[in-house]
Amino acid sequence: MRKRKLAPKLTPGEAKERWADAHPPFSHDEYVHEANRCLYCYEAPCIVACPTQIDIPSFIKKIAFDDLKGSARTILEANPLGGSCARVCPTEVLCEGACVYNRWDRPPILIGRLQQVAMDHVFEEKYEPLPPEPKRPEKIAVVGAGPAGLSCAAVLARKGYGVTIYDAQEKAGGLNTYGVAMYKATPKYSLREVASIRKLGVRFRQGVRIGNRIKVSDLLSGNAAVFMGPGLGKETRLGIPGENLRGVMPALDFLEEIHVKPVDTVRAGNTVVIVGCGNTAIDAARAAKRLGATNVIVLYRRTENEMPAYQKEHDEAVAEGCEFRWLTNPVKIMGRGTVTGIRCVTMKLGAKDASGRRRPVPVKGSEHTIECDQVVYSIGQGVDTTFMAAIEGLKTDRKGLVRVNAESMETSVPRLFAGGDCINGGKEVVNAAQDGKVAANAINEMIKNAKGVPHDRSHS
Ligand SMILES: Cc1cc2nc3c(=O)[nH]c(=O)nc-3n(C[C@H](O)[C@H](O)[C@H](O)COP(=O)(O)OP(=O)(O)OC[C@H]3O[C@@H](n4cnc5c(N)ncnc54)[C@H](O)[C@@H]3O)c2cc1C
Ligand code: SF4
């Protein structure tokens with residue numbers, strides 16, 4: 001029987017180098033030069049491509065004149081999570097992908113890194129660029145301190161409402177603190193953004209899981225409105241024999257460990273097999289490489305053409321030494337107590353399925369084993385259906401995602417709003433930020449119009 005081997009141990013120096021910031025801040029000369037390349041387009045396609053519709057040419061123009069505070073104000077008016085979005089947004093398929101420079105095959109304006117300049121200035125100087133409005137008596141409860149909940153809370157706090165966020169985790173930030181690749185944004189960076197929202201007067205109750213002692217109905221009776229941004233639940237299990245062996249884990253657990261422990265204390269297996277080819281799977285593959293794994297093999301049952309991951313993320317993983325095996329599907333995890341290998345079959349693509357992609361079908365007699373020391377899987381995340389099912393009158397779709405009115409984010413339960421991954425099934429931080437902002441504005445309108453909304457309620 002093959003013995004499980006761990007990746008070679010890294011020194012703290014090596015670990016630091018491997019996890020270095022993927023986007024080191026621009027120097028003064030670099031940002032002034034980059035900002036001056038912008039053409040300040042009249043009908044700017046970059047704005048249209050941004051889900052929060054930041055006035056990009058306007059914030060860039062302010063940077064060109066060294067008005068970083070004014071620039072941050074423009075960003076935050078549209079996107080309360082402008083800091084994390086500057087670092088984690090897939091800009092190549094959003095604003096930068098739409099920049100007019102692409103039409104002439106010239107490098108687009110580095111919008112994300114310019115946004116980072118303005119937002120770093122706010123966080124380093126610890127000031128509030130947007131003046132808050134006078135205090136109001138109404139209280140709002142927010143479930144979940146991830147990007148959706150934080151965005152909603154920030155907008156409402158700036159409008160003067162008393163906002164309390166309830167979050168199940170020890171620290172706020174949701175996946176920004178516990179999941180997003182650390183070479184894009186560290187937990188420390190995420191928590192700096194949380195601190196800036198706390199400074200607006202938002203109260204955080206961490207370690208409180210709504211649905212246990214406090215129910216959503218309690219929050220509704222104690223507040224003028226409730227916003228829910230609980231994200232998604234656990235990762236879907238593989239459903240094959242051997243899944244409970246030591247060394248087999250969902251990608252979210254694997255990534256969370258790196259976020260809560262010093263990286264030089266986390267040991268990956270020497271050969272790590274990743275199952276799945278979405279962005280989370282690729283994050284896990286790149287993390288395993290950074291932890292020192294000698295071999296990282298990503299298995300996907302379809303081909304590169306069908307993979308859900310962004311091409312850029314895949315290409316960067318290849319450049320970092322991750323291997324991709326297409327048309328390969330695991331059927332059993334091997335080992336006695338601890339994983340030693342993964343049994344796979346080769347697939348071929350058949351007719352199109354309901355998703356419009358060609359269905360993978362097994363090739364007879366193609367079973368083979370890949371020896372490995374760790375298996376990390378990421379084949380999809382479902383909704384926390386127990387939490388949703390306990391909310392009386394809440395309408396969800398077939399997958400358990402919360403149904404909302406797209407213009408207000410209001411659910412089928414009056415005064416209960418929702419946004420982020422729990423309504424879209426897992427998109428990006430910027431989508432969650434936009435949902436939170438839209439819901440906050442709708443809550444404000446609802447209260448101002450006082451359509452039967454009880455005023456002057458206290459915290460539950
Ligand atoms: C590994 C990984 C990497 C990613 N990388 C990127 C990236 O690079 N760029 C990008 O734009 N997006 C990325 N995403 C997607 C992005 O992180 C999510 O779209 C975004 O975080 C969704 O925000 P949310 O607020 O809806 O949910 P979450 O971030 O999941 O936050 C939900 C919060 O609600 C809390 N909660 C849940 N249930 C309860 C309850 N019952 N009571 C109280 N609190 C509760 C949780 O503790 C959590 O803090 C990534 C996702 C993953 C999984
Ligand atoms: S499309 Fe490019 S050049 Fe035009 S305003 Fe946007 S960032 Fe500037």
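Visitor: Which oxygen contact does a backbone N or O atom of L175 make with ligand 1, and at what distance?
Guide: A backbone N or O atom of L175 sits 2.9 Å from an oxygen atom of ligand 1. Polar contacts here are pairs of N or O atoms within 3.5 Å; inside the protein, one atom must be able to donate a hydrogen and the other to accept it, and residues adjacent in sequence count only if both atoms are side-chain atoms.

Visitor: What sort of model is this, and how are things numbered?
Guide: This is a predicted model, in which local features need pLDDT of at least 70 and side-chain atom pairs count only at pLDDT 80 or more, while totals for chains, interfaces and linings use all residues. Residues are numbered from 1 along each chain as its sequence is written, chains are lettered from A and ligands numbered from 1 in the order in which they are written, and side-chain values use heavy atoms, with hydrogens and water left out.

Visitor: Back to ligand 1. At what distances are the backbone atoms of G229 and K427 from its oxygen atoms?
Guide: For G229, a backbone N or O atom lies 3.5 Å from an oxygen atom of ligand 1. For K427 the value is 3.2 Å.

Visitor: How much of ligand 1 does the protein cover?
Guide: On its own the ligand has 1000 Å² of accessible area, and the protein covers 93% of it. Areas come from the Shrake-Rupley method with a 1.4 Å probe; for residues, only the protein chains shown count as cover.

Visitor: Which elements give two or more residues to that shell?
Guide: They are α9 (147-158), β2 (162-167), α13 (251-260), α14 (279-290) and α18 (429-449). Helices (H or I, at least four residues) and strands (E, at least two) are DSSP runs, numbered from the N terminus.

Visitor: And which residues come nearest?
Guide: V88, D167, K184, I210 and D421, out of 32 around ligand 1. A residue counts as near if one of its heavy atoms lies within 4 Å.

Visitor: What classes are they?
Guide: The shell has 16 nonpolar, 9 polar and 7 charged residues. Nonpolar means Ala, Val, Leu, Ile, Met, Phe, Trp, Tyr, Cys and Pro, charged means Asp, Glu, Lys and Arg, and the others, Gly among them, are polar.

Visitor: What about the shell around ligand 2, by class?
Guide: That shell has 12 nonpolar residues, with no polar and no charged ones. Among them are C38, C41, C46 and C99.

Visitor: Which domains are assigned?
Guide: Domain 1 (38-125), domain 2 (139-233 + 383-449) and domain 3 (248-377); the bounds come from an automatic or database assignment. Domain 2 and domain 3 each give at least three residues to the shell around ligand 1.

Visitor: Now the sheets. In what order do the strands of the one with β5 run?
Guide: The order is β5-β13-β6-β7-β8, an open sheet of 5 strands with parallel pairing. Two strands pair if DSSP finds at least two bridges between them.

Visitor: Why is one side of β5 and of β8 left without a neighbour?
Guide: β5 (248-250) and β8 (323-325) are at the edges with a single partner strand each, so one side of each has no neighbour in the sheet. β5 pairs with β13 (residues 374-377) over 3 bridges, and M249 stands opposite V376 in β13.
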